[in-house]
Amino acid sequence: DLAAISRSACLSRPQLVRQFKMVFRTTPHQYLTEIKLSQAARLLQQTSAPVHEITWQCGFEDTSAFCRAFAAAYGVSPIRYRFMEQRN
């Protein structure tokens, strides 16, 4: 929760986001999304769990939003990614 992190860091939310972006060159939201998508890619490679289960396991609430975010990050749909990884 960004509000809790802001309080712990004694910064306002906008200050926290600015400081985070300056250090990590990404926003906290983008950073968290990258972590979730990385976990999803690992699950797609290593398990046979359906995409809708991976969606929930990785903290996404909507499968279609997850699929769009995954495709934007990896250039292919989650199902295509799994198929490509199985062939390698």
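In which helix is A40 found? A40 is found in helix α3, which spans residues 28–46. The model described here is predicted.

**Helix α3 and its packing against helix α6**

- Helix α3 (residues 28–46) packs with helix α6, which covers residues 78–87.
- The two helices meet at an angle of about 50 degrees, and their axes lie 9 Å apart.

**Residues of helix α3**

- A40 is buried, because its relative accessible area is 0%, and the cut-off for a buried residue is under 20%.
- From the C-alpha atom of A40 to that of S77 the distance in space is 12 Å, while the two residues are 37 residues apart in sequence.
- Y31 also has its place in helix α3.
- Y31 has a relative accessible area of 37%, so it is partly exposed; this class lies between the buried limit of 20% and the exposed limit of 50%.
- Y31 and F20 are 11 residues apart along the chain, and their C-alpha atoms are separated by 9.7 Å.

**A residue of helix α5**

- C67 has its place in helix α5, which comprises residues 63–74.
- With a relative accessible area of 26%, C67 is partly exposed.
- C67 lies 30 residues from L37 in sequence, and the C-alpha atoms of the two are 9.8 Å apart in space.

**Loop residues with positive phi**

- C10 is found in the loop between α1 (2–8) and α2.
- The phi angle of C10 is near 55 degrees, which is a positive value in a residue other than glycine.
- C10 is exposed because its relative accessible area is 68%, and exposed residues are those over 50%.
- R25 is found in the loop between α2 and α3.
- For R25, phi is near 60 degrees, again a positive value in a residue other than glycine.
- R25 has a relative accessibility of 71% and therefore counts as exposed.
- R25 and C58 are separated by 33 residues in sequence and by 23 Å in space, taken from C-alpha to C-alpha.

**A nonpolar patch on the surface**

- M22, V23 and F24 form a nonpolar patch on the surface.
- Together, these three residues have about 340 Å² of accessible area.
- M22, one of the residues in the patch, is found in helix α2, which runs over residues 13–24.
- The relative accessibility of M22 is 57%, so M22 counts as exposed.

Technical notes:
Residues numbered from 1 in each chain as written. Predicted model: local features only at pLDDT ≥ 70, side-chain atom pairs only at ≥ 80, totals over all residues. Heavy atoms only, no water. Patch = residues over 30% accessible without salt bridge, like charges linked within 9 Å, V, L, I, M, F, W, Y side chains within 5 Å. Areas by Shrake-Rupley, 256 points an atom, 1.4 Å probe, with all protein chains shown as cover. Salt bridge = Lys/Arg side-chain N within 4 Å of Asp/Glu carboxyl O. Helix = DSSP H or I, 4+ residues; strand = E, 2+ residues; numbered from the N terminus. Buried < 20%, exposed > 50% of the residue type's maximum accessible area, 1.4 Å probe, protein only. Axes fitted to C-alpha atoms, helices over the stretch in contact; angles between N-to-C directions.
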